[in-house]
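Reader: Could you take a close look with me at one part of this model, the packing of its helices? I would enjoy a connected walk through it.

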Amino acid sequence: MVIKLKGIEHIFHLTEHFLEIWSVYMGIKLDLFDYLQKHPGTPAELAENLNYRIELVKPWCETMWACGYLNKKDETYSLTRWSKNFLWKESPTYLGFIIQSIETQYLPFLSFNNKFKKTEPFLPYSSQHMIDIATVIAPIAKFVVPFLFNEIPLLKMKPFVLDIGCGLGAYLITLAERNTKLRGLGIDKEYFLVQRAEEIARSRGLQDRIRFLQMDLLEFEFSEEVDCILISNVLQAFSMETNIQLLSQLSSNLKDDGYLIILECLIDESRVSPKYGILFNMYLRMESLNARTYTLSEIKLMLEKSSFRFLSHKSIITGLDLIVAQSLKISDERRPNC
Ligand SMILES: C[S@@+](CC[C@H](N)C(=O)[O-])C[C@H]1O[C@@H](n2cnc3c(N)ncnc32)[C@H](O)[C@@H]1O
């Protein structure tokens with residue numbers, strides 16, 4: 001069902017969200033939340049200790065208090081429980097990096113004027129922009145990996161995992177840290193990301209089990225068969241035809257009883273909800289004319305056309321869906337429930 005907007009109020013709600021996001025964003029970037037977590041204090045103390053202007057720190061504290069991100073007692077501000085959980089960078093459930101992603105998400109919209117006009121070239125995103133995106137979203141792996149272990153028991157055994165479009169390698173690194181028998185290979189076309197992923201893996205003593213290679217997934221050639229293939233936030237960048245071509249290639253790299261693990265932001269069949277899905281679709285389209293959010297039926301069609309059999313779909317959080325498939329080669333008797 002399409003959402004019915006309420007009167008003139010809606011205009012103000014939109015503006016409200018916009019201003020609130022920027023205020024939270026500034027608090028994260030300027031370490032204001034972090035500082036207040038360790039040293040609850042007055043705006044004057046906060047301004048003095050961080051060397052910021054009191055004329056801005058004071059209204060920021062008032063705003064964040066009014067919006068529910070800060071507590072206030074007398075003139076002393078501190079983090080609310082919610083902010084402590086999600087905005088304090090040292091919290092194990094820190095999610096502020098998602099708000100920080102406005103840094104990368106607003107960029108493609110800035111050139112909307114040229115992008116809409118047929119007479120102007122639609123400029124592709126730069127390598128640096130893709131590196132920034134992959135870097136910003138990398139911490140999500142920490143939240144998703146426990147879910148993957150739960151859903152795909154093979155990941156707890158001794159699997160070899162191929163991560164296609166691995167970005168900073170956060171999935172492979174987190175998987176390998178939590179399962180010391182797991183090995184893997186990540187490929188990405190950005191040299192910087194692959195190199196950085198190698199460095200992180202080395203710094204955590206994982207270099208003997210996981211490797212990263214610079215490679216274009218559209219020219220991917222790999223002669224071995226692996227236990228799991230992970231493809232996270234990658235299909236969204238390509239057209240249906242390209243994805244079928246890519247998945248067909250990958251199907252020959254998966255062992256008969258192996259798993260294809262897709263992480264994507266899906267949208268329902270009516271392309272209305274979740275609202276995040278359709279907004280994200282707009283953002284993707286501003287990045288590339290081939291990019292889009294897919295529906296589950298479209299993913300199923302891609303799988304069918306590339307010799308995979310759909311096994312399951314689960315929404316992890318709004319904006320992140322897990323789809324699991326197996327090779328069509330496996331017979332029904334040997335197929336485990338997933
Ligand atoms: C949105 S990021 C996802 C990164 C990671 N999989 C994740 O979910 O955190 C997309 C990644 O795909 C990579 N990529 C895009 N096109 C590619 C191509 N043709 N070949 C290899 N990698 C590609 C990008 O460099 C980027 O790291």
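This is a predicted model: local features need pLDDT of at least 70, side-chain atom pairs count only at pLDDT 80 or more; totals for chains, interfaces and linings use all residues.

Reader: Is the crossing of helix 1 and helix 4 left-handed or right-handed?

Author: The crossing of helix 1 and helix 4 is left-handed. Helix 1 covers residues 9–29, and its axis comes within 10 Å of the axis of helix 4, with a crossing angle of roughly 120°. Helix 1 and helix 4 are therefore oblique to each other. On the helix 1 side, the residues that meet helix 4 are Ser23, Met26 and Gly27, while helix 4 brings Trp60, Thr63 and Met64. Sorted by class, this contact has 3 nonpolar and 3 polar residues, and no charged ones.

Helix 4 has another partner to look at. Helix 3 (residues 43–50) and helix 4 (residues 54–66) have axes that come within 9 Å and cross at roughly 130°. That angle makes helix 3 oblique to helix 4. Here the crossing is right-handed. From helix 3, the contact takes Pro43, Ala44, Leu46 and Ala47; from helix 4, Ile54, Val57, Lys58 and Cys61 take part. The contact of helix 3 with helix 4 divides into 7 nonpolar residues, no polar ones and 1 charged.

To put the two side by side: helix 4 is crossed by helix 1 in a left-handed way, and helix 3 passes helix 4 in a right-handed crossing. The contact with helix 1 includes 3 polar residues, whereas the contact with helix 3 has none.

Notes. Residues are numbered from 1 along each chain as its sequence is written. Axes are lines fitted to C-alpha atoms, for helices over the stretch in contact, and angles run from 0 to 180 degrees between N-to-C directions. Helices (H or I, at least four residues) and strands (E, at least two) are DSSP runs, numbered from the N terminus. Angles under 35 degrees count as roughly parallel, over 145 as roughly antiparallel, 65 to 115 as roughly perpendicular and the rest as oblique. A crossing is left-handed if the near helix is turned anticlockwise from the far one by less than a right angle, and right-handed if clockwise. Two residues are in contact if their C-beta atoms, placed from the backbone, lie within 7 Å. Ala, Val, Leu, Ile, Met, Phe, Trp, Tyr, Cys and Pro count as nonpolar, Asp, Glu, Lys and Arg as charged, and the others, Gly among them, as polar.
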